[in-house]
Amino acid sequence: MKRIYSVLVENHAGVLSKVAGLFSRRNFNIDSLVVGETNSKDVSCMTIVSSGDERTIEQIEKQLNKKLDVIKVKTFKESMSICRELTLLKVRYNRENRRDIMENCDIMKAQIVDMSKNMMIIQICDTPERVGVFIEMLRTVSIVEMARTGTVALTKCCEGDK
Amino acid sequence: MNGSEAIVKCLLEEKVDVVFGYSGVAIAPFYDALGETNVKQILIRTEQNAAHCASGYARISGKVGVCAVTSGPGATNLITGIATAYADSIPLVCITGQVNSELIGSDVFQEADITGAAESFVKYSYLIRDVNDIPRIMKEAFYIANTGRKGPVLIDVPIDVQQQEISKFSYPEKINMRTYKPTVEGNAVQIKKVVKELAKATRPIICVGGGVHLSGAVDEIRKFVKDNCIPVVSTMMGIGVMASEDPYYFGMVGNNGRPCANRALNESDLLLMVGARVADRAVNRPDLITENKVLIHIDVDPAEIGKNAGPNIPLVGDIKHIFKKINEFEDKEDLIHERTEWIKTLNQYKVDMPEKRPEIDTDKYVDPMQFLQNLSRKLPKDAIYVADVGQNQIWSCRWHLVREGRFLTSGGMGTMGYSIPAAFGAKYAAPKKKVVAVMGDGAFQMSMMELSTMRQYGMNVALIVFNNGYLGMVREYQHYKLDDRYNMVELHNTPKLDKIAEAYEMKYLRASSQAEAEALIDELMKKDECVLCEVVVDPMDLAK
């Protein structure tokens, strides 16, 4: 089972390593982890995607709550939230496949953000699933480099802030 | 006032009267400031034992144990002690010196990233960057260590911070931490559910763990047990919650426990797990525990509930508070008769399931069972008994009879060498009580350097070394599981203990037969001085 943990933490030095250390020490998976500031300066938000059975999911939440730098933990399913992931892909192109690539970008609402005479950087910001689809579509082209941010997520408005 | 003086002032605010530790340049300013006060400084002989001393002290005094060591190797040596305290939820504040703030990260002499290294063994840690944070951090550290699920807190203080002037010292009255609010009162609805479920149980049992001691809830539990006529078993850390010979008490559970205790647990229809982790040594298959019974799990740490076994009724809060509430409920109804029958059945198990013992040649060796039973009968009722780790620990759990005293051991981490320094700390906390440390020859050699500490500070502890020339517990494992291939377990050339005692100017007693053992115990009871007792036991003896 996949779960998203939205973890509000004190914006202190060393908090990231404490949280990441907790996952590795207790043998919990991290599929992705994103950290950034929130609207309040002294609070950071970590969005962690993890998977495991029900007991593991419950334990992750409890152990996160036990950490003294953690202010609040929200756990939710992907379906209860708006999830986005930003990905940058550097691809090699040639005269033959250039149009194809551009069409694919059009269909998937990706943007070409940088270009040289044989390389381009494509940016896509979408749900993790659609980002995956787009990357699959580009498999036929040679991908030189790729960087994914991992998932950021907020619970949907109708879910309210429980 | 400089940083060191500020730290010391905070210790005085927290009514600290002793600091266990080891000095070094990076912590010297702190000890310099401490020397100006009446706080006792105890210089142990290796840093790990400073934490064990503080642990023994904390467990007997009910206060936070404090230790302070230098940077680098001093700090890393402390880690095993911190981890031991963490595993048993013992409240400690550990202060470590650190190199100059500006040099942190440059791998200078005696620098270690101790907050990083100790992260998974502390409840919380601080690296003080600003001297003005000292009062707040010290206040928080003591609060964190001694509330909720107790545990060690580490404070790393760079030497320059110890020397800087603090602009204004004021010790905070209140704690203001948005991230830490431990639950004390149990949820009223859950408590009612517990009471309701109890009212249906004809074969209930309560399993008490170390949390009962930590919460100071022994009296509440005893009252609950008597009022409701409920038999009690315990984990290793829960030994002493009930007096060993209490008619409601059936011993320690688990793979090293008493057969009748395990049977009682299995046959119950309701199990109240109180302040215990449901860990592997106590409960063999925690996932199966709810198959034939209702499980109620009461613990101050919500993460413990459901970690190893999913309870029917979880209840988070401080045990003392919760049992005060439970004891207020009056509907004791008419189950007492059935429960009396249940206790009768369990008492029959006690008779039917005697503990198996190998044949011991008592002309050549001392039988640890007889020895420990005799010893505990002759000890004062309120004696403090510290067991080390190994066969001696299992024997101690089984046969030492706790009456009004305490039983201390390293239950979670199983740290060999714990007993001597912990006994030291316990004796410091209760100087009038008889304190006995029981260990094997392996554990003794891990901590025997502290004999000089005992002599230096006049701590009169009775040390009993079961000498069999082996790491007995591992040898026993090899006997059962590895076809008697005894690798890495023979301890040869152990120094002559009489010579050791002489070197440290201690009294020495020895027994290598049952008759001598009786005489040894009688002799020991007459002495109020540091005594080293060598008790020769059969190397082939078993704990199971």
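Predicted model: local features only at pLDDT ≥ 70, side-chain atom pairs only at ≥ 80, totals over all residues.
Local features need pLDDT of at least 70 and side-chain atom pairs count only at pLDDT 80 or more, whereas totals for chains, interfaces and linings use all residues. Residues are numbered from 1 along each chain as its sequence is written, with chains lettered from A in the order in which they are written.

Chain A contributes 14 residues to the contact and chain B eleven, two residues being in contact if their C-beta atoms, placed from the backbone, lie within 7 Å. The side of chain B that touches chain A comprises five nonpolar, three polar and three charged residues (Ala, Val, Leu, Ile, Met, Phe, Trp, Tyr, Cys and Pro count as nonpolar, Asp, Glu, Lys and Arg as charged, and the others, Gly among them, as polar).

Within chain B, the axes of helix H14 (residues 368-378) and helix H15 (residues 391-399) come within 9 Å and cross at roughly 50°. Axes are lines fitted to C-alpha atoms, for helices over the stretch in contact, and angles run from 0 to 180 degrees between N-to-C directions. Helices (H or I, at least four residues) and strands (E, at least two) are DSSP runs, numbered from the N terminus. H14(B) and H15(B) are therefore oblique to each other (angles under 35 degrees count as roughly parallel, over 145 as roughly antiparallel, 65 to 115 as roughly perpendicular and the rest as oblique). B:Pro368, B:Met369, B:Leu372 and B:Gln373 of H14(B) meet B:Trp395, B:Ser396 and B:Trp399 of H15(B).

Chain B also holds an open sheet of six strands with parallel pairing, ordered E9-E8-E7-E10-E11-E12; two strands pair if DSSP finds at least two bridges between them.
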